[in-house]
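Here is a colleague's note, written for someone reading a structure of this kind for the first time. Please keep the sequence and the model open beside the numbered points.

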Amino acid sequence: PRPDPTLHTTKTGGVIFVQDNRISIWSVGDLGNVGLNGEYQGEPQLLCDIRHNGDVMDMQFLDQERIVVASSTGTVTVFHHHQNNQTLSANQRWEKAHSHVDQDTSCGGAACTGVICNNPEIVTVGEDGRINLFRADQKDAVRTIDNADSSTLHAVTFLRTTEILTVNSIGQLKIWDLRQQRNEPSQIFSLTGDRVPLHCVDRHPNQQHVVATGGQDGMLSVWDIRQGTMPVSLLNAHEAEMWEVHFHPSNPDHLFTCSEDGSLWHWDTSTDVAEKPSFLHQGGRSTTYFSHNTINQSVVSAWLSNDPTKDRMEITNLIPNQTLSVNSLDILGPCLVYGTDAEAIYVNRQLFA
Amino acid sequence: LQQPGGSSICKCLKRPSPSRVFVVRKDQDIYIQTLRKLFNESHGIFIGLQRSEEELAGKSRKAQLVQVSKNYRSVIRACMEDMHQAASKFVSILSAMELIWNLCEILFVEAAAAGPLLLRLLDWVRLHVCDVDNMVREVLSSENPSKHELFWNLGNTQTLTEMELKWQHWHEECQRYLQDGTFASNSHMESICKILLGDEDAILEKKELLATWYQFLVTRLLYSHPTVKPMELRFYAQSSMDLFLGGESSPEPLDTILMAAFEFEMHQVIKECSIALSNWWFVAHLTDLLDHCKLLQSHNLYFGSNMREFLLLEYASGLFSHHSLWQLGVDYFDHCPEYGRVYLELHIERIPLNTEQKALKVLRICEQRQMHEQVRSICKIMAMKALRNNRLGSALSWSIRAKDAAFATLISDRFLKDYCERGCFSDLDLIDNLGPSMLLSDRLTFLGKYREFHRLYGEKRFSEAAKLLLMLMTAHIAPCSFWMTLLTDALPLLEQKEVIFSAEQTYELMRCLEDLTAGKSDKQKFQDDDVETMKVEMLRLALARNLARVIVKEGTLEGS
């Protein structure tokens, strides 16, 4: 049964709405159990949810059961999903993981804007320009780099197990080596031209030197971090902020981006249409994925080439009637999931059909 | 009904008695969680309608509009299902809304003609009866279906006249059976026969099985006037209501609304709904749809805007008090040609910007609509916040977005002040990587170039550093207030073993120094402390020495 809507009555008789932000777990059915046509009948089912204080800025699974959530209040919380009785509980919390340094002059809180996990390590970044390194079982932060950046850090991802990538609001991509004690990035990359803020970053699953970022102007930049300090290719994409960019984890010649302009783009650099890998046996521990060595070769050149049209990159907008912003997306196998500002979640289970 | 504290409640429909909806004005309805789905989904339908092809004419346009109406209703029904487990009071409100909307769809949007009209009304009543009272449904469905075969063919193969003739024939047959006494032995069957003949009294005898007067109406019409014309409905409706209520009870708000619909008084329907329903959602969307059907003459209100726009403005304004639904409101304002823009400008400035991401969303909306003033204002607010939190890079980022040269100057001054106080630069990652944004303001350019001077000096590229330093003054990139600092920075260069500044450059430096000191009034010179005076003296000495050395050097033959 649903709880009653959260309403509060103030003394003056007005009714104020208490922000009812929630973390929810949904079931979209068993990935391995699809019908003859690959169609899944039925809607996503809500399994459980829990209240969350502040806006959810970012979240990631730490492992099968734990989710790390970044809040607009600057708090980072680890939630535990109890699968036996389908409940969620808050396991651990780092309050004020992100906050403005001088509390006396502080003007508002600092949101935690990004979180990335590599069990048991958790790295968070925020509007305060701080980088935190947590461990799931430790109460205090393992390491904190205050003022790592003079501008807002918008996103973070792992480059290697000991190195992270961050992007900020003055168009810089930075590599940080967490083994080193000094609080300086080991490398700084900048956009050419205007220092347009960068909002998202993702690393190619196989080719560790290939990094993609998305900017406030909707531009997709691809970087080769082995060489140079500038992006290798700039692709004009969306008409507004690109909120997220993701390489497909098992088929990285496919890239997905979503934007404030309400579109979600599928970038396809796979050169041979007939050789598209089969995803009918997705999921499970013992599945072997297709590894096309030839495709990987062309993948590298495709993403890093300056002329996408030459290598026949196909770009498709997956949303027919776009209205409000697509804030977030994720992909696994043939399944794509994304959420919009119209308070809707969409599941596409036949991505490559 | 008001509870202490100001929140108000709504009583639900009582079953199975006549529908009584007590609705009370509730100021912030929209905060009810389960209505968010209604608002979000209907927003999509609304936008689709505004964008839909106006070029389609006649039947295809009508079909399109009917589909839109059905889409709205299906959203209402979906919400009813969602709310089913929750508060039943909300289900009743939605049920009433769907009932009214459905009738409006039949009478106004589809404008069903005589023949199909009754069919639609039958469906309408049946649909609602299913919601309200199962018993009545059983009664209706227990009628002999074969008698209604005539009606199922309506609109497919027969013309209205053909149908009327057939019905007339059947009606007469029924009458004969009654008069012949065929059913005399069975009072139940006789009663049914009378009902089939449209005998009002017979129908009213079964009043307890009919939940509402409009069910009575439709039943009556079914058996007495199945080919009723739209314009005739009002008479039957009025008499049905009078007969059914029989003076025992007075009409409820819902009854008044439905009656106004049967009378084709669209404006009355909207007015009554505005009063009876506690939020603007219903009237705003319905009126907009009716407007698209070109059914509403411009009904000028005292401030000159038409009714559709007035209702949309009210509805959208309500959305703006919600922390995330305000985004829907923007699109509604966009489609209010007269006052939408003004309303948007006023409301958008009041959205609390608790995260940068939210500020960016608001900014994007403003930029897309050329609301330049709001863009500047929001960027300034965010930049000031950043500055107070000592996030200089963020502050600069906001200035760049707004192309705010003045603020960029402010930030640069802050950096320079920090440098003077601490002797080193903070946030080198920012200053070293300004790129083209350096050109946003002169002060920012100076900051970037000054840092470059320090870098060159650090890399021991002294002659390049010297050249840059001089240029900063001679090209007037450096503010006058900073010249003393720059000249002081020149000292180590002047005192290098190797001569760095050329004669020409030295003369330039001297001139700069004299400009600086000459510019001071006598009073200022008097106030200058010893340190200041000593600095000037030291500079003069260093410059003179350098000049001496360089004259000698330049005078010497090359290569020796």
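1. Among the contacts in chain B with a separation of 6 or more, 64% are between residues 24 or more positions apart, where contact means heavy atoms within 4.5 Å. The secondary structure of chain B comes to 28 helices and 0 strands; helices (H or I, at least four residues) and strands (E, at least two) are DSSP runs, numbered from the N terminus.

2. Please bear in mind that this is a predicted model, in which local features need pLDDT of at least 70 and side-chain atom pairs count only at pLDDT 80 or more, while totals for chains, interfaces and linings use all residues. Residues are numbered from 1 along each chain as its sequence is written, chains are lettered from A and ligands numbered from 1 in the order in which they are written, and side-chain values use heavy atoms, with hydrogens and water left out.

3. Helix H24 of chain B (residues 462–474) has 13 residues and should span 18 Å at 1.5 Å a residue, which agrees with its end C-alpha atoms being 18 Å apart; the expected span is 1.5 Å times one less than the number of residues. The buried residues of H24(B) include Phe462(B), Ala465(B), Leu469(B) and Met473(B). An α-helix has 3.6 residues a turn, so residues three or four places apart point the same way. Which helices do the buried residues of H24(B) pack against? They pack against helix H23 (442–458), helix H25 (483–494) and helix H26 (503–518) of chain B. Just after H24(B), His476(B) takes a positive phi of about 55°.

4. The aromatic rings deserve a careful look, and the structure holds 30 aromatic pairs over all chains. Rings of Phe, Tyr and Trp (its six-membered ring) pair if their centres lie within 6.5 Å, and planes under 30 degrees apart count as stacked, over 60 as edge-to-face and the rest as tilted. The rings of Tyr72(B) and Trp281(B) have centres 6.4 Å apart and planes at 80°, so this pair is edge-to-face. Because Tyr72(B) lies in helix H2 (residues 58–83) of chain B and Trp281(B) in helix H14 (residues 281–292) of chain B, the pair ties together parts that are 209 residues apart in sequence. Tyr72(B) counts as buried at 0% relative accessibility, and Trp281(B) counts as buried at 0% as well.

5. Trp213(B) lies in helix H10 (residues 213–224) of chain B and Phe262(B) in helix H12 (residues 253–262) of chain B, so the pair ties together parts that are 49 residues apart in sequence. Both Trp213(B) and Phe262(B) are buried. Ring pairs also link a cluster whose members include Tyr419(B), Phe446(B), Phe462(B) and Phe482(B).

6. How many disulfides are there over all chains? The count comes to 0, a disulfide being a pair of cysteine sulfur atoms within 2.5 Å. The sulfur of Cys336(B) is 17 Å from the closest cysteine sulfur, in Cys366(B), which is too far for a bond, and Cys336(B) counts as buried at 2% relative accessibility. The sulfur of Cys512(B) is likewise too far for a bond, at 9.9 Å from the closest cysteine sulfur, in Cys480(B), and Cys512(B) counts as buried at 3% relative accessibility.

7. In chain A, 4 strands form an open antiparallel sheet in the order E9-E10-E11-E12, where two strands pair if DSSP finds at least two bridges between them. Strand E9 (112–118) and strand E12 (143–145) of chain A stand at the edges with a single partner strand each, so one side of each is left without a neighbour in the sheet. E9(A) is joined by 6 bridges to strand E10 (residues 121–126) of chain A, and Val115(A) stands opposite Thr124(A) in E10(A).

8. Strands E25 (residues 326–332) and E26 (residues 335–340) of chain A pair in the antiparallel sense over 6 bridges. E25(A) and E26(A) form a hairpin with 2 residues between them, and Gly333(A) in the turn has a positive phi of about 60°.

Methods
Buried means under 20% relative accessible area, exposed over 50%, partly exposed in between (1.4 Å probe, protein chains only).
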